[in-house]
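Here is a short note on the fold, point by point. Please read it beside the model.

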Amino acid sequence: MALKLVGSFPVQPDRVWCAAPHPHLPLVATASTDRAVRIYSLRDFSLVSTIEGGHKRSIRSISWKPNTKGENVLATGSFDSSTGIWHQEHRHAAGGDGEEPLESNAEEREEDEEWRFAVVLDGHDSEVKSVAWSAGGSFLATCSRDKTVWIWEDMGNENYETIAVLQDHSQDVKMVAWHPEEELLASSSYDDTVRLYKEDVDDWVCCAVLTGHTSTVWSISFEKNGHQSRLASASDDQTARIWHRKPKAKEESSTQPPSIIKGTGDETENWEEQSCLPKVHTRTIYSVDWSKKTGLIATAGGDGQIVVYQEVDGAKDGEQPGAGAEGRKEWKIIAQVPAAHGVYEINSVTWCPKWDKKGTTVDGELLLSTGDDGVVNIFELSL
Amino acid sequence: MSAILSADDLNDFISPGVACIKPVETLPAAASEPSNPYEVTTEDKVAATEAKLQAAQISLTDCLACSGCVTSAEAVLVSLQSHQEVLTVLDSDDSVGSSTGSLQDVGAGDDATVPNKRKRIFVASISPQTRASLAAAMGKSTKEISHMIDRLLLESITSNEKRGFDYVLDTAPLLSVCLHLAARELAASLANASNHSNSDSAPKLPILTSECPGFVCYLEKTHPAVLPHLSRLKSPQALLGTLLKSLLPKYVGNDVDIYHVAVMPCFDKKLEASRAELTDATWKDVGDITPTRDVDCVITTRELLQLAVSRDVDFSTLSPKPLPNKQLPPIPALQKLLLNARDTQDERSLGLQAGTSGGYLVSIMQELQLMHAGSKIIEKKGRNSDVVEFILLAADGETEILKMARFYGFRNIQNLVRKLKPAKLRMLPGAAARRVVGKAGRTPTARAGASSSSGSEYCYAEVMACPGGCTNGGGQLKPDDSFIVDSVAQATASAAVALRSQAKAWLNRVDEAYFSADEDITGDHGVALGARSQIVGIERFLEEWASDSGVLLEKLAYTTYRAVESNVGKIDGEMSTLQAAELAQKVGGGW
């Protein structure tokens with residue numbers, strides 16, 4: 001298999017940090033050093049709109065709020081230490097990115113597409129490194145160089161409340177990511193660890209610490225899979241690792257009376273390293289993304305390479321197949337692109353659905369990479 | 001804030017956005033000694049020259065004036081205000097009269113009975129939270145702990161030719177003074193508001209408690225726009241400091257130095273004591289003389305025990321019986337205040353709902369309740385245990401006379417502060433979006449959706465930086481502390497260490513001890529409040545203090561705040577991307 005370059009977005013004037021596909025429309029938003037968010041169409045790879053003026057420094061991270069009806073909501077995390085919430089009303093949600101029927105006059109149509117800066121969330125003391133909406137869209141997590149992870153709750157009416165300030169990391173926090181189904185948050189840091197958090201009786205608490213990486217953990221991505229929970233992490237130690245949650249040992253000790261107070265039980269989760277992806281990167285891995293559609297994993301980083309991995313049955317010569325209940329699985333490299341952005345470093349890789357010109361999803365999946373060269377490249381995996 | 005800031009944990013709260021910049025700024029220019037580049041030198045010689053370079057010194061006052069980090073570097077706190085520092089000052093006092101440290105029978109205002117050789121008087125003031133933490137750890141009552149602390153500071157550490165303290169006080173009586181003044185302050189602000197007066201004579205509504213130095217520091221550095229809401233009242237620690245420094249010399253002689261040590265549950269109290277606003281320069285004309293601080297040194301609960309260890313005293317073995325001849329400082333106004341507190345049996349106790357941080361909100365509400373016959377106080381739980389709302393309901397049971405709320409912990413402070421900031425500060429300036437097809441962008445109309453009036457529905461907010469309030473302060477004993485000796489306490493504590501879900505159990509023990517103090521001490525000098533007779537006593541005390549010291553009460557009991565301008569990264573105007581990148585590389589390991 002090979003990754004084939006199928007296009008790229010118009011070159012941006014400065015470094016592009018990351019790209020975020022819309023949860024259900026053929027749109028993708030990028031965050032870049034020139035303090036702008038650009039929204040591109042995935043139908044024809046054209047630029048749809050540019051949002052700027054809200055932040056004083058580089059926009060480092062961007063996230064679409066899921067489950068919004070009748071409007072688009074974006075969160076932007078910036079090096080100016082603030083997080084912005086942007087709204088765009090789109091009454092014709094199904095239509096997508098702006099080419100609406102002409103039943104309304106031009107003035108109104110433009111109004112529909114206008115991005116409005118709704119709220120600034122400040123509180124972080126230093127650069128905001130990453131923002132992420134929870135699966136249901138009710139929580140927003142942000143993390144910063146100030147070593148903290150904040151959780152905000154959307155109270156409606158553009159009103160957000162800080163519900164947790166988590167200070168478990170001892171260094172710069174690089175990324176936050178929510179579990180695709182549960183209200184479980186993960187963060188990765190310059191302190192070489194990944195931490196997981198969930199809500200206890202009254203507050204959010206750190207429920208697991210993933211240690212193993214020997215340098216900064218730059219990126220994390222949950223697997224979208226109903227029956228088990230796994231997380232991929234990518235690090236400055238040039239490795240990407242897979243972690244999985246061990247089922248809790250049932251402690252139905254009859255000597256203890258059943259706890260009637262909600263949540264007073266031990267909230268700790270047991271996560272451990274499952275495997276390490278084949279080591280091919282020769283510099284820092286800045287980004288890892290676990291495809292929700294195909295289960296493939298992509299990584300990219302300082303060496304300019306994009307690598308795609310697939311999990312396969314690993315029963316090899318000499319080993320009995322079917323040893324162990326689930327069978328032995330292992331990760332294999334199925335595609336590799338060297339110098340995907342020339343001599344430039346790659347800041348992120350993101351899987352996103354493939355759309356046709358009419359705006360309906362089609363088979364296949366695209367992989368977007370963003371680089372220091374201001375380019376967003378679009379790849380497709382071909383057999 | 002304080003919970004993170006402890007000597008055991010070299011980690012600044014909220015984060016030093018940038019490493020402390022003060023040493024760089026204040027380092028004296030290296031003396032450029034004429035050197036001969038051709039001269040052959042030895043390593044020893046070079047080492048000797050290098051050693052001459054002066055180590056950079058940072059004072060806590062520097063930290064308060066700098067916006068580099070919200071609180072200061074640990075080393076500074078430890079070197080300037082610590083139990084070691086207290087011992088050093090005690091040891092340096094060569095005017096020890098008798099080795100017992102006990103005092104002559106000091107009659108009120110009787111100058112002649114002052115120990116004649118003594119040049120320095122050492123006073124310690126103990127916070128109720130300190131007693132609660134020790135009570136939980138030692139399995140004693142807070143009253144017994146009081147006596148043990150008396151024995152430690154007045155008696156035990158004075159042995160072996162070493163000097164101890166002269167007086168040990170409780171900050172609780174001064175707290176009751178603060179609580180009364182806080183009620184008066186709120187009444188004044190409410191009066192201003194109902195007259196639509198823009199007078200600057202009282203803080204803006206809602207008034208925010210200024211007792212927590214972590215919160216004060218945070219506002220000054222991060223949200224100066226909210227400062228007009230801050231109560232201008234001094235904390236009990238500062239008030240007692242001013243009282244001692246303004247009155248004690250009158251009765252013991254002006255040539256006597258007073259060294260006042262406060263024992264607090266909190267590291268940030270050290271910062272408070274270092275404030276330029278809390279020196280004698282603010283209440284008396286000191287001329288060119290360097291101002292002296294109202295509180296000379298603050299040590300934490302844990303440091304009190306470390307002080308005992310340093311003098312080879314095992315605190316847990318001290319007798320919990322009262323010291324037979326404990327003296328009070330010879331200040332008539334203070335003695336009357338203590339007597340008044342002892343005599344006033346208050347039928348209404350502040351009780352559990354008062355919280356763990358002095359009970360500002362509840363006490364103020366109870367005092368205002370006196371003006372509304374038949375009214376009652378309703379308590380409503382907030383979204384987490386650190387947010388509680390209180391409503392004063394009129395006799396009809398429906399009309400809300402006023403509302404107050406308690407916000408403990410950083411996350412809850414965020415939500416309060418955000419609502420109090422002027423609306424425009426909550427919007428990013430110049431936010432605009434434009435269509436790509438060459439059309440000029442229009443400035444979007446900012447909807448004031450988030451600016452609901454929820455910030456101003458309260459007239460008072462009791463704010464403390466620590467989740468759980470002051471009993472959970474950063475200077476308190478932690479569950480894994482080796483000082484915990486009581487076996488039951490040890491069991492609770494080790495459960496708390498092993499299992500996070502048990503962490504609250506330890507804190508509950510401390511809280512229990514804190515609340516039980518109300519009953520314990522009422523016969524002694526309690527915090528029973530609100531009763532009219534006690535208010536009369538407090539008013540009389542305030543009058544007497546002002547007249548005896550010849551200083552206006554406004555100067556004695558109130559203080560001021562100032563915004564700290566951010567100077568980090570602005571050394572040469574805008575920080576260049578290169579510099580920022582370099583700094584990021586150093587501090588945070590890249591973008």
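1. Ser125(B) has Leu169(B) as its bridge partner in strand 2 of chain B. Strand 2 (residues 167–170) and strand 1 of chain B pair in the parallel sense over 4 bridges. Strands pair if DSSP finds at least two bridges between them; strands (E, at least two residues) and helices (H or I, at least four) are DSSP runs, numbered from the N terminus.

2. This is a predicted model: local features need pLDDT of at least 70, side-chain atom pairs count only at pLDDT 80 or more, and totals for chains, interfaces and linings use all residues. Residues are numbered from 1 along each chain as its sequence is written, chains are lettered from A and ligands numbered from 1 in the order written, and side-chain values use heavy atoms, without hydrogens and water.

3. Strand 1 of chain B also pairs with strand 4 (residues 257–264) of chain B, in the parallel sense, over 7 bridges. There, Ala124(B) is partnered by Val261(B). Strand 1 (residues 120–126) is largely enclosed by the rest of the structure, because 6 of its 7 residues are buried (under 20% relative accessible area, 1.4 Å probe, protein chains only).

4. The largest nonpolar core has 53 residues, with Met404(B) and Tyr460(B) making the most contacts inside it. Such a core is a set of buried Ala, Val, Leu, Ile, Met, Phe, Trp, Tyr and Cys residues joined through side-chain atoms within 4.5 Å. Helix 8 (residues 172–194) of chain B gives the most to this core: 9 residues. A second, separate core of 46 residues includes Leu90(B) and Phe315(B).

How values were computed
Buried means under 20% relative accessible area, exposed over 50%, partly exposed in between (1.4 Å probe, protein chains only).
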